[in-house]
Amino acid sequence: MLKIMSIAGARPNFMKLASIVRAVEQHNNTSSGPVINHIIVHTGQHYDQKMSDSFFVDLGIPQPDINLEVGSGSHASQTAEIMKRFEPVLLEQCPDILLVVGDVNSTIACTLVAAKIEYPVGHKRRRPIIVHVEAGLRSFDRDMPEEVNRILTDAISDLLFTTEELCLSYLQREGVAEDKVHFVGNVMIDTLMQHVEKADLSIIREQLGVDRSYALVTLHRPSNVDRLETLEPLVDCLEKIAKRQLVVFPIHPRTKNSLQTFGLYQRLEDNQDIIIAGPLGYLDFLNLIKNASVVITDSGGIQEETTVLKVPCVTLRENRNARLL
Ligand code: UD1
C-alpha cells in the first residue's frame with residue numbers, strides 16, 4: 001500500500017486536486033499496482049462556503065480527511081500557522097508521498113515542513129517524497145507572493161511535475177537536475193474538460209439577470225487591489241467598459257474589502273450596467289466564462305481556461321513576460 005497525502009488550501013488548488021483524486025480512484029479500481037491510500041489535508045486558508053466548500057461539492061471531491069482551519073492572516077502568520085498545525089499531522093500520518101499543487105501559501109508551508117521532518121525511528125523512510133504538481137512556472141516577478149512560493153517549493157521538492165515543456169528550461173536555470181522534472185500536462189485543464197458540459201446546466205446567468213453579451217471581470221491580485229492608486233483607475237476603467245458592454249464582476253473577498261475601505265464599492269453597486277456578485281461556484285463560473293464575449297482578469301488560472309475555451313482574455317498585470325502566471 002502507498003500512502004499519498006495531498007494538500008489543498010486555497011480556491012485555485014481545489015480544481016487541481018479534483019483530477020488527482022479521480023486519477024487515484026481510477027488507479028485503485030483498475031491497476032494491479034499498490035493500492036493508494038489517499039489522504040486529503042485542507043489547510044483552511046480559504047474557508048468561506050463559496051471560496052471552498054462549494055468546490056468540493058461541484059467537483060465531487062470527498063471531504064478533506066483533515067482540516068487545519070488556519071483562516072486568514074498576513075503572509076508570515078498564515079504560513080507559520082499552517083506549518084505549526086501541519087507538522088503534528090505529518091508526524092502522525094507519515095505518508096510515503098506528500099503531493100502539493102500550485103503556488104499558494106499552503107503549498108510552500110507544507111512543503112517546508114515535509115522537507116525537514118524526521119519520521120519516528122523505525123519508519124521505512126525519514127520523510128515523505130515531496131511532489132510538486134504545476135512546478136516550474138515563472139512570471140519572473142519576485143514582488144508576487146506566488147512567485148516566491150513557486151521558486152522555494154520547486155527548490156526543495158523531490159519530483160517536479162510540469163504543465164508545459166518550457167518549464168524544464170526555467171528549472172534548469174535554477175540548478176534543478178533534469179531527472180527530477182516530469183512533463184505531465186495540466187491537471188486544472190483536465191478538470192475543466194471533465195466539467196465543461198456540466199457547466200451548461202448552470203442557471204447563473206438567469207440568476208444574475210444577465211440578458212445580453214457581457215465582459216466577465218475578476219480581480220484579486222494584491223498589486224491591483226490592495227492600494228487605492230491602482231484600484232481606483234481599474235474601477236474607472238470598468239465604468240468606461242460598462243458604457244459599451246454589460247460587465248459581470250464576481251468579487252473576491254480581498255477585493256470587496258478594498259473596494260469598501262476605499263469607498264469604491266458603491267460606485268459599482270449603483271451602476272446599472274455592472275452586475276456584481278460574490279465569489280461563485282466552479283460550474284457557475286465556468287458557465288460565465290464560456291458565454292462571455294471577453295474575460296478581463298488578473299488570475300493566472302483563468303487565462304489558461306479562457307485559452308482552452310477560445311474566449312478572448314485581457315490580462316490585467318504589469319508583467320511583460322510571455323507566460324503571465
Ligand atoms: C490566495 C493565493 C493566490 C490565489 C488566491 C485565489 C497566496 C499567497 N495567494 O490569495 O495565489 O490566486 O488565493 O483566491 O496564497 N477571505 C475570505 N474568505 C476566504 C478566504 C479569504 O473572506 O475564504 C478574505 C480574507 O479577508 C483574507 C483575504 O480574503 O484576508 C485574502 O485571502 P488570502 O488567502 O490571504 O489570499 P488571496 O488573496 O485569496
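How many residue pairs are in polar contact between domain 1 and domain 2? The count is six, with both residues of each pair at pLDDT 80 or more, a polar contact being a pair of N or O atoms within 3.5 Å, where within protein one must be able to donate a hydrogen and the other to accept it, and residues adjacent in sequence count only if both atoms are side-chain atoms.

This is a predicted model, in which local features need pLDDT of at least 70 and side-chain atom pairs count only at pLDDT 80 or more, whereas totals for chains, interfaces and linings use all residues. Residues are numbered from 1 along each chain as its sequence is written, and side-chain values use heavy atoms, leaving out hydrogens and water.

**View 1. The two domains and the area between them.** Domain 1 spans 2-196 and domain 2 spans 200-315, with bounds from an automatic or database domain assignment. Their C-alpha centres lie 28 Å apart. About 1,600 Å² is buried between the two domains, 64% of it on carbon and sulfur atoms; buried area is the accessible area (1.4 Å probe) that two parts lose on being put together, summed over both.

**View 2. The salt bridge between the domains.** One salt bridge is counted between domain 1 and domain 2, namely a side-chain nitrogen of Lys or Arg within 4 Å of a carboxyl oxygen of Asp or Glu. The side chains of Glu-146 and Arg-221 meet in a salt bridge at 3.4 Å, N to O.

**View 3. Residues in contact.** In contact (heavy atoms within 4.5 Å) are 21 residues of domain 1 and 16 residues of domain 2.
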